[in-house]
Amino acid sequence: MALPLLPGNSFNHNMGKKKFHKSQHWGFCNNVRMLVSEDKPGIGGELLLGQNTKPKYSVFPKGMGIESPSWVAFDKQVLSFDAYVEDEVPDKSQENYRIRCYKIYFYLEDDTVEVNEPVLKNSGLPQGIFIRRHRISLPPPNEDQFYTVHDFNVNTDIVFYGRTFKIYDCDAFTKNFLTKIGIKLNPPGQCPEDPYMKTRREKLDCMEPLRPYEPFDTLKQFLEYDKKVLRFFCVWDDSGSVFGDRRELILHYFLSDDTIEIKEVLPHNSGRDFTSLFLQRRKLPKYGPPGVYQPGHLTDRTVLNVYGGYSETRVYGYLLDKYNLGKLDQEFYKDTDLSIGTTINVWGRKVLLCDCDDFTKTYYRTKYGIENFTSIPCKAPPPPKIERKFPPYTGFGSEEDSLRSCIGIMPTPPQRNFKKFMEFDSYGNISNILRFFAKLMTHKCADAERMFVISYFLRDDTISVFEPVERNSGYTGGMFLKRVRVKKPGQEVFKSEFSEYVKAEELYVGAKVDVNGYLFLLVNADEYTLNYMERHSDKFPLSNIELILQKLKEEECKSRELKQVFTTADCMHTKMVDFNTFREIMMNLTVGKLTDQEVITIARHYRVPEDLCPHRNVLVAQAHEQLKKNGFENFERLVAMCVYQDREKKKVLPSKDIKRLCKSSRLPLNEDLLESLLSRFEDSEKQINYESFFCTLNWRVNPVPELEVVSYIKERCEDEWLGMPSPIPVKRIYYLNLLKDVFGLEE
């Protein structure tokens, strides 16, 4: 009873096998029947007992590292062998055999082989790639296998498709590689010389042509240096001749054919006609002009006539003279003759090379190793400038207007500094006007108490003086000096130079200003002026807090005394003093080293900040005014919405929720005013009693008195300043912070 044909129940090893072919062990070799190969497998390609298959590709020894395929490990790595072949040459008396040299390349990545024959000039044989790159099989009887790296060595013969190549040497990389994989290299040999080529070379060396040919190979120079030009900046000094001057030139040297081209650089309004070239492109002789020669004297080759006699078979022709008898040699300028500081002869004109461009410097540095490229100034030193003298001021108009009549025949108005005008012109809340409060310094008792406002306009450096109107003073007030530039005192009136005018840097609190004979003492300034001077402390050093503190540090010996005086003045121990007390102490202890401007700068730096927030009643009055204008009365609806949001019935809500409800109900208040009102009604937990808040905003139920409108006196002109500055710049000063920063004194 047979077992069922199930997996594991059958002992037949041929189950599932599909190949049952037999390998061909017998064949023909040179028309003789013989055993072709004993290494072929058995039935179905299975190996016979004791049979090992040879690898189809090269097997390399395993090294230390990551295993990677050969096409990755040996990418772009090629073994190069030098070989030759002896070819028989039948039926030819000149040679019996011929030696042909080859290059054998073995590619390690895929065991492919390529054979290449170097091109030999005038060989008459098709040369180049002899065998294209592919895997080459071994000669019979092993034609089923291919060449591997172990089949190559030096001083061995190798057969490719019936042709025997004798390998006699290899390159250094091939030697190192074969040694590393364990192949012992044979000593290199030599390639025998081809007898026919040797005989031919000996004949050519002994032969002398009847018509010698002198080649002038300029193609190599042209291909190497085409479009490469050296550029030199030079000058031709022709000032020695009549109406001559210095001429600036540009020299171009063309490396492709050693020719020179010169262009002239014409400045504007030179009066010379424009010419395209000063010297056309040509070779420039060193010793020019060389003179006039007959046609045929200056040639590259000397031609001789060949006389054939009076026979009938005479020959007419020409022959080149290889001895060059009577030839005229001319020396031309080369690139080696050109350098900075060299004077060259351009057809009788001495041209000095002064400088060159970057490409020219790189060329000489690379080819000749020159490193010194110190340039020579091309332009002549400018002639001494003749100072133009103008007549003195006539007294009519301004000095600038009087000067314009001396410059041209048709007088033009003086040009103003438009850039400065646009930079310092007033726009928005920025006036760019420095205003000072001043007193008139005079011996007259009636004028001693008069007060003035001095305005300095930064856009055109003009000054205007205005006297505020004061009732029952006996003076009408108004414009004291119209807007004009003010000259400094003590200057000559009728002179050729411009007068000096009062500048903004000379104005500060405590300064004395002479305005057309009236002496003013600047006693105060407005807030904008003080802020401007502190922002531009580089122009106003008296408003530079760092320089002032450095000046105070020089009085370190009085630090204890200064602290004691401040402590005595501070009876309430608040660490603060008022401005008048502070000024008096600083002036007495520094003994006049500090000006009023510096004292004000220190007081402003260490002042006590004031609460600038408006009062709650003022904000409510502003809100009532806006609500009345818009007729808003839906306060009960707002309270109902807040009650709905108040889940815990505490009658308070966060300020952000009340703000959201006001915006959703379109309460006609701007965002800044609403924020200020909410901040006034907030408690410590940022919560607001909404009933109290909206009851206060209800202008029907809780009206508040209307705000009083501040009446302003109408200004008479744009540069008048009617607001009186406060005589006290700041109210209170932290003196203890000043003592810490200057003297390091603690409390």
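I began with the cysteines and counted 0 disulfides, taking a disulfide as a pair of cysteine sulfur atoms within 2.5 Å. Cys354 is in no disulfide, and the nearest cysteine sulfur, that of Cys378, is 3.7 Å away. I then looked up how far Cys354 is covered and found it buried at 0% relative accessibility, whereas Cys406 is partly exposed at 29%; buried means under 20% relative accessible area, exposed over 50%, and partly exposed in between, with a 1.4 Å probe and protein chains only.

I noted that this is a predicted model, in which local features need pLDDT of at least 70 and side-chain atom pairs count only at pLDDT 80 or more, while totals for chains, interfaces and linings use all residues. Residues are numbered from 1 along each chain as its sequence is written, and side-chain values use heavy atoms, with hydrogens and water left out.

Next I searched the whole structure for salt bridges and found 41, each being a side-chain nitrogen of Lys or Arg within 4 Å of a carboxyl oxygen of Asp or Glu. One of them joins Lys367 to Asp335, with the closest N and O atoms 3.9 Å apart. Lys367 lies in helix α5 and Asp335 in the loop between β14 and β15, so this pair ties together parts that are 32 residues apart in sequence; helices (H or I, at least four residues) and strands (E, at least two) are DSSP runs, numbered from the N terminus. Lys367 is partly exposed at 43%, but Asp335 is buried at 10%.

I also looked up Glu598 and Lys551, whose side chains meet in a salt bridge of 2.8 Å, N to O. Because Glu598 belongs to helix α12 and Lys551 to helix α9, the pair ties together parts 47 residues apart in sequence. Here Glu598 is buried at 3%, while Lys551 is partly exposed at 30%.
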